[in-house]
Amino acid sequence: MMTKTWNGGVEMIRCVVFDVGNVLADFRYRDYMRDLGFPEETVEFLARNMVETDYWAELDLGRHTIADAVETFTGRYPALAGEIRAFWENIRHIVAEYDYAQPLIHRLKEKGYGVYLLSNYPVETAEMHWPTFRFLPETDGRIISGYEKLAKPDPAIYRLLESRFGLDLGTCVFIDDNPANVKAARAVGMEAVRFTGLPALEEALKDLGVTL
C-alpha cells in the first residue's frame, strides 16, 4: 500500500468504507415500480412523494416500520392505496447488487485493506436485503443507520464507525454517492470519494495510493 499526503503529514490508507445504496447495490425504486406494472405517472408521483421524502429518511433512522409506512401513505394518497400496498409488500425487490461489488471488495481484501460498510438503511429492509449480498461476507464490519438511530451525514455515525471497530479515520477512505455524506466524512478527517461509477472510483483510489 502506498502513502498519501494528508493535513501536512503522511498517512497510509488502510481501510475502505463503502456506502451500499447506489454504490454496491442499485436502489432501483423507479424500475422496481415499473416491474410492478405501475403507470409512469404513478411511478413519478410515488418517487417524489414517498421515496424522496423526509419520511424515508426517518425510516433510515429507525423511527418507522413498514406497517407505519403503509398506514401513512395509504392515508395520504387513498386513490393509490393498492399500489402503495404492493410497493411495500414486494420491497425486497427494490435493490439489486451490482455485479462488480463482490469482486471489487475481494480485490481490496486480497491487497490487505480493511473493508467496512456505512449505510443509511431501514432495519426491516436491511434484514431482507443484506443477507443476499454476495459482498457481505467479505467485509470486516458494518454500521446500519436503522439499528443505530443515527444516519449520515451526522458526524456521530462516522465517529461510531471509528470507535466500534477501532479505526483511525485518517487512514480510511469513504465512498458514497451523496455529496453531503462525502463532505461530512471529510469533516471528520476521512478521505472521501463521491461515487459516480466504477471506472472513476478505481482512478480515484489509485490517486490515493490504494492498489487494486
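Asp140 sits in the loop between α7 and β7 (141–144), where helices (H or I, at least four residues) and strands (E, at least two) are DSSP runs numbered from the N terminus. This is a predicted model, in which local features need pLDDT of at least 70 and side-chain atom pairs count only at pLDDT 80 or more, while totals for chains, interfaces and linings use all residues. Residues are numbered from 1 along each chain as its sequence is written, and side-chain values use heavy atoms, with hydrogens and water left out.

With a relative accessible area of 36%, Asp140 is partly exposed; buried means under 20% relative accessible area, exposed over 50%, and partly exposed in between (1.4 Å probe, protein chains only). Not counting residues up to four places away in sequence, Asp140 touches Lys109, Tyr113, Gly114, Val115, Tyr116 and Phe165, contact being defined as heavy atoms within 4.5 Å. The side chains of Asp140 and Lys109 make a polar contact at 2.7 Å, a term for a pair of N or O atoms within 3.5 Å, of which, within protein, one must be able to donate a hydrogen and the other to accept it, and for which residues adjacent in sequence count only if both atoms are side-chain atoms. The C-alpha atoms of Asp140 and Phe27, 113 residues apart along the chain, are separated by 23 Å.

**Confidence**

The protein chain has a mean pLDDT of 94, and 95% of its residues reach 70 or more, pLDDT being the predictor's confidence in each residue, from 0 to 100. Over residues 1–10, however, pLDDT stays under 50, and the model has 25 contacts beyond four places in sequence for this stretch. Where pLDDT is low, the predicted coordinates should not be read in detail.

**Cores and cysteines**

A nonpolar core is a set of buried Ala, Val, Leu, Ile, Met, Phe, Trp, Tyr and Cys residues joined through side-chain atoms within 4.5 Å. The largest such core has 54 residues, and those with the most contacts inside it are Phe18, Met33, Phe87, Trp88, Trp130, Phe133 and Ile175. Helix α2 (residues 40–51) contributes the largest share of this core, five residues. A second, separate core of 19 residues includes Cys15, Tyr116, Leu161 and Leu169.

Cys15 is buried, with a relative accessible area of 9%, and its sulfur is 4.4 Å from the closest cysteine sulfur, in Cys172, which is too far for a bond. Cys172, buried at 0% relative accessibility, is likewise in no disulfide. With a disulfide defined as a pair of cysteine sulfur atoms within 2.5 Å, the count comes to zero.

In helix α5 (residues 81–89), the buried residues are Ala81, Ile84, Phe87 and Trp88. Seen down the axis of α5, these residues fall within an arc of 125°, so they line one face of the helix; the arc is that of the directions from the helix axis to the C-beta atoms. The elements covering them include α1 (29–35), α2, α3 (54–60) and α4 (66–76). Leaving aside neighbours within four places in sequence, Phe87 is in contact with Tyr32, Met33, Leu36, Phe38, Met50, Val51, Trp56 and Ile94.

Ile66, Ala69, Val70, Phe73 and Thr74 are buried in α4, and they cover an arc of only 115° around the axis, which puts them on the same side of that helix. The face of α4 turned away from its buried side carries the exposed residues Ala67, Glu71 and Gly75. Among the elements that cover the buried residues of α4 are α2, α3, α5 and α7.

Thr125 belongs to helix α7 (residues 123–129) and counts as buried at 8% relative accessibility. A polar atom of the Thr125 side chain lies 3.3 Å from the backbone oxygen of Pro122, and beyond neighbours within four places in sequence Thr125 is in contact with Ile91 and Trp130.

**Backbone geometry**

Most residues other than glycine have a negative phi, and most peptide bonds are trans.

| Residue | Phi | Location |
|---|---|---|
| Lys149 | about 60° | loop between α8 and α9 |

Asn22 counts as partly exposed at 25% relative accessibility. A cis peptide bond, with omega about 10°, joins Lys152 and Pro153, and Pro153 lies in the loop between α8 (145–148) and α9 (155–165).
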